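Q: I'd like to learn how to read a few features of a protein model. Can we go through them one by one?

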Amino acid sequence: MSTATPTPAPKKQGPVKAAASRLTFPMVLLIIAGGLVALSAVRAITGAQDITAAGQIGAALSMAVPIGLAGLGGLWAERAGVVNIGLEGMMILGTFFGAWAGWQTSPWIGVLAGVVGGMLGGLLHAIATVTFGVDHIISGIAINILALGFTTYLAKLWFNTGKAQAAGGSPKQSPPAESIDTVTIPGLSDWLHSIETHHWFFISDLAGILGGLVTKVSLLTIVAVLLFALTFWVLWKTSFGLRLRSCGENPIAAESLGVNVYKYKYIAVIVSGGMAGLGGAFLSLVTSHIYNEGQTGGRGYIGLAAMIFGNWRPGGLAMGAGLFGFADALQLRNGGSSVHALLLLLVVLLVGLALWKAYKKAYIAAAISAVIAAGMLVWYLGTDTVPTEFVSATPYVVTLLVLSLSAQRLRMPKADGMRYRKGQGK
């Protein structure tokens, strides 16, 4: 007598939450619109008209580009599994070699020289971490120190003698280079400016923001924007990008499928250095037209923070770079009064965050956000401006605040920072 084996009932699968956790395009547009309304309200309440002016937005864009390029470099490296904390040093190399070649030839040759300088730093980092298995953090810090010392020595050697000295060079700065051309959309720029001057709620603020994006925009800024789009297409829409990202998620499995993990890690880290070098060249050829010692000002580290804030994706990275660039431009252009208005904007954002966390039943995070918002409000109501020391620290304070509040949604590549030896997948 035969017995039939009962077929086990299929297990019920729980709801897929991964897709729900990712922001959709309509949600991103809604967040941007909400942020603009909040910014308009703060401008109307405080009378700080400059926070949405075209000049402020143009300066913010100029400040955001080098941060975004550094973060883009970090994204390439970390998607392949290599932590690149040496972005600051690679940016320093880009500022120096970009200015060195730019003042002697043309600014575009300087841009290429800056990229090559950053790539050399990336190559050094790849040799240390990929081939010799040096700890990624130690290698990155060493590159930062070496780049600073190397460029300081070469500046004294190359910029303080002969033709360079006669053209305005010194031990700490290069002679000035020619400017890279800018683009302004005629007609549209003037029309937006006329709307901005009326100071209408939301409409004038939107006109000011759009005006800053179409008035005197450097050609190198346009190149940087295209690099963001190109990075997304290469890493997420091509088989090359899939192999590269697999090296950052599971290099052993990637090698077992025939992927040359060393090759892809080398390519990623060298491209990473080139991106950071381009960001450095932007600082020395667009922002100031000269190389200055200490010119990067920690932007390599802020770019790394923007990459983390963006969850290792180009879109989020661009938003983070824009936020940090806006804070940087605010403290440089307008000083204490505009940064004081920014306190009220932070109160609004923190209250919104507290309500969202309470809705999600994350009561501890909601309480912390509410307490910080109350402290910011007391500070705003009790003062008319902020101390100069705090004004200069605004970009770094914003960096720490944003990272601390966004850390719960982050997911780094699984093999990021891990040592990998060739042959483990065989």
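Predicted model: local features only at pLDDT ≥ 70, side-chain atom pairs only at ≥ 80, totals over all residues.

Q: Where does Gln 49 sit, and how far is Gln 49 from Asp 135 in space?

A: Helices are DSSP runs of H or I with at least four residues, strands are E runs of at least two, and both are numbered from the N terminus. Gln 49 is in the loop between helix 2 (25-46) and helix 3.

Q: How do I read the packing angle of helix 10 and helix 11?

A: Axes are lines fitted to C-alpha atoms, for helices over the stretch in contact, and angles run from 0 to 180 degrees between N-to-C directions. Helix 10 (residues 219-237) and helix 11 (residues 239-249) pack at about 75 degrees, their axes 5 Å apart. That makes the two roughly perpendicular (65 to 115 degrees). Helix 10 brings Val 234, Leu 235 and Trp 236 to the contact, while helix 11 brings Phe 240, Gly 241, Leu 242, Leu 244 and Arg 245.

Q: What is the volume of the largest cavity, and which residues line it?

A: On a 1 Å grid over the protein atoms alone, a cavity is a set of points where a 1.4 Å probe fits but cannot get out; lining residues have an atom within 4 Å of a point. Grid points are joined across faces, edges and corners, and a volume is the space filled by probe spheres set on the points. The largest cavity has a volume of about 70 Å³. Its lining is Val 339, Leu 342, Leu 343, Leu 346, Phe 390, Thr 394, Val 397, Val 398 and Leu 401. Helix 16 (336-359) and helix 19 (394-406) are the elements giving two or more residues to that lining.

Notes
Residues numbered from 1 in each chain as written. Heavy atoms only, no water. Parallel < 35°, antiparallel > 145°, perpendicular 65-115°, else oblique. Contact = heavy atoms within 4.5 Å. 1 Å grid on protein atoms, 1.4 Å probe; cavity = no way out; pocket = protein on both sides within 12 Å on 5 of 7 lines; lining within 4 Å.
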